[in-house]
Amino acid sequence: MEARKTKIGAWTALLPLLLLAAVLAGCSGSGSAQGVSEDGKLLVTATTGMIADAAKEIGGEHVEVTTLMGPGVDPHLFKASQGDIRKLDRAAVIFYGGLHLEGNMERVLEKIAAQKTVVAVTDGMPRERLIAGAEESEEFDPHVWFDVDLWKSAAETVTDTLIQKDPSNAEAYREQGERYLNELGQLDAYVRERMLEIPEKGRVLVTAHDAFGYFGRAYGVEVVGLQGISTAAEFGARDVSALRDYLVERNIKAVFVESSLPARSMEAIVAGAARQGHEVKIGGELFSDAMGEPGTPEGTYIGMIRHNADTIAEALK
Ligand SMILES: [Zn+2]
């Protein structure tokens, strides 16, 4: 115990990498039991808002959930700060997307996994239901939350993990997990109905990055993106003109901007199409890799998916 205290004292003055080392050594700075809040709740840290939302819905009053990536944050480019490392350090359970969604955080998560429960919510998804990645570094497309039926698997993984880590509240987790799966089933049906309002020929979704592959496959919408699956890849002027030509050729009326990406690429395409005499409007903002502000309907997974379905249906129908 004495030796441990001395080590902590020396570490506090050093860099984030050593903070990570502290995590690995299992030294929690606070006085309370590790992984449990002062009022006895299981401490859960999730990378994206969509995952955190599932943990909140299923964990209810028995968990305290911390989200690393807030509204508008791009998970492909996210780097953990010292504060984020502390949030990971406190947690009893860490949930992340996996499939290289959190490209820059993967090494950190892998290291922490040697010491505590670190779970990729995509682990339980049948591989045959995953779409191939567009980039060499990505075997699978990580944007699985846009197929609501597939996302149920993530909710099941969260439920199973919470039961395992905190068996005394297993009954509550099971019940809330069931309820959430039901809500996801209703959401899936809602999106399907809304897409059917669009004439089949017009079911084309043009967005700035290929986040919507699962959405397109699940709900019968052709998806055209400007750049690769990961926003880490830069797009060029050639991509912009190719997409502009496609819009003119297919007579597509609306394109969409995304909350976690700058709107300027889509605005350039709209302007380019206008110069060729084809009017394209911005159909609205879609949530892609991050949810909306907390406290708004879009600040939940269900609200964000409904918002997208409504925005797409209204602009294209
Ligand atoms: Zn993405």
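Visitor: How much of the chain is buried?
Guide: Of the 317 residues in the chain, 51% are buried. Buried means under 20% relative accessible area, exposed means over 50%, and partly exposed is in between, with a 1.4 Å probe and protein chains only.

Visitor: Is this an experiment or a prediction?
Guide: This is a predicted model, where local features need pLDDT of at least 70, side-chain atom pairs count only at pLDDT 80 or more, and totals for chains, interfaces and linings use all residues. Residues are numbered from 1 along each chain as its sequence is written, and side-chain values use heavy atoms, leaving out hydrogens and water.

Visitor: How many helices and strands does the chain have?
Guide: There are eleven helices and eight strands. Both are DSSP runs numbered from the N terminus: helices are H or I with at least four residues, strands are E with at least two.

Visitor: And what about the surface?
Guide: The accessible surface of the chain is about 14,600 Å², and 50% of that belongs to carbon and sulfur atoms. Such areas come from the Shrake-Rupley method with a 1.4 Å probe; for residues, only the protein chains shown count as cover.

Visitor: What share of contacts join residues at least 24 apart?
Guide: The share is 69%, among contacts between residues at least 6 apart in sequence. Contact means heavy atoms within 4.5 Å.

Visitor: Let's pick a helix. How many residues of helix 3 are buried?
Guide: Nine of its eleven, so helix 3 is mostly covered. The buried ones are Gly49, Met50, Ile51, Ala52, Asp53, Ala54, Ala55, Ile58 and Gly59.

Visitor: What do they pack against?
Guide: The buried residues of helix 3 pack against strand 1, strand 2 (63–67), strand 3, helix 6, helix 7 and helix 11.

Visitor: At what angle do helix 3 and helix 6 pack?
Guide: Helix 3 (residues 49–59) and helix 6 (residues 148–165) pack at about 55 degrees, with axes 10 Å apart. That makes helix 3 oblique to helix 6. Axes are lines fitted to C-alpha atoms, for helices over the stretch in contact, and angles run from 0 to 180 degrees between N-to-C directions. Under 35 degrees counts as roughly parallel, over 145 as roughly antiparallel, 65 to 115 as roughly perpendicular, and the rest as oblique.

Visitor: Which residues make that contact?
Guide: Helix 3 gives Met50, Ile51, Ala54, Ala55, Ile58 and Gly59; helix 6 gives Trp151, Ala155, Val158, Thr159 and Leu162. Nine of these are nonpolar, two polar and none charged. Here Ala, Val, Leu, Ile, Met, Phe, Trp, Tyr, Cys and Pro count as nonpolar, Asp, Glu, Lys and Arg as charged, and the others, Gly among them, as polar.

Visitor: How does helix 3 cross helix 7?
Guide: The axes of helix 3 and helix 7 come within 7 Å and cross at roughly 125 degrees. That makes helix 3 oblique to helix 7. Asp53, Ala54, Glu57, Ile58 and Gly59 of helix 3 meet Ala172, Tyr173, Gln176, Gly177, Arg179, Tyr180 and Glu183 of helix 7. This contact has five nonpolar, three polar and four charged residues.

Visitor: What comes just after helix 3?
Guide: Glycine 60, with a positive phi of about 55 degrees.

Visitor: Now helix 7 and helix 11. How are they arranged?
Guide: Helix 7 (residues 170–196) and helix 11 (residues 301–316) pack at about 5 degrees, with axes 9 Å apart. They are therefore roughly parallel to each other. The contact has twelve nonpolar, no polar and five charged residues.

Visitor: New topic: threonine 45. Buried or exposed?
Guide: Threonine 45 is buried, at 2% relative accessible area. It lies in strand 1 (residues 42–46).

Visitor: What does threonine 45 touch?
Guide: Not counting residues up to four places away in sequence, threonine 45 touches Thr66, Leu68, Lys87, Leu88, Ala91, Val93, Ile94 and Phe95.

Visitor: Where is histidine 100?
Guide: Histidine 100 is in the loop between strand 3 (93–96) and helix 5 (106–113). Its phi is positive, about 65 degrees, although it is not a glycine. Histidine 100 is partly exposed, at 35% relative accessible area.

Visitor: And aspartate 147, buried or exposed?
Guide: Aspartate 147 counts as buried, at 5% relative accessibility. It is found in the loop between strand 4 (117–120) and helix 6.
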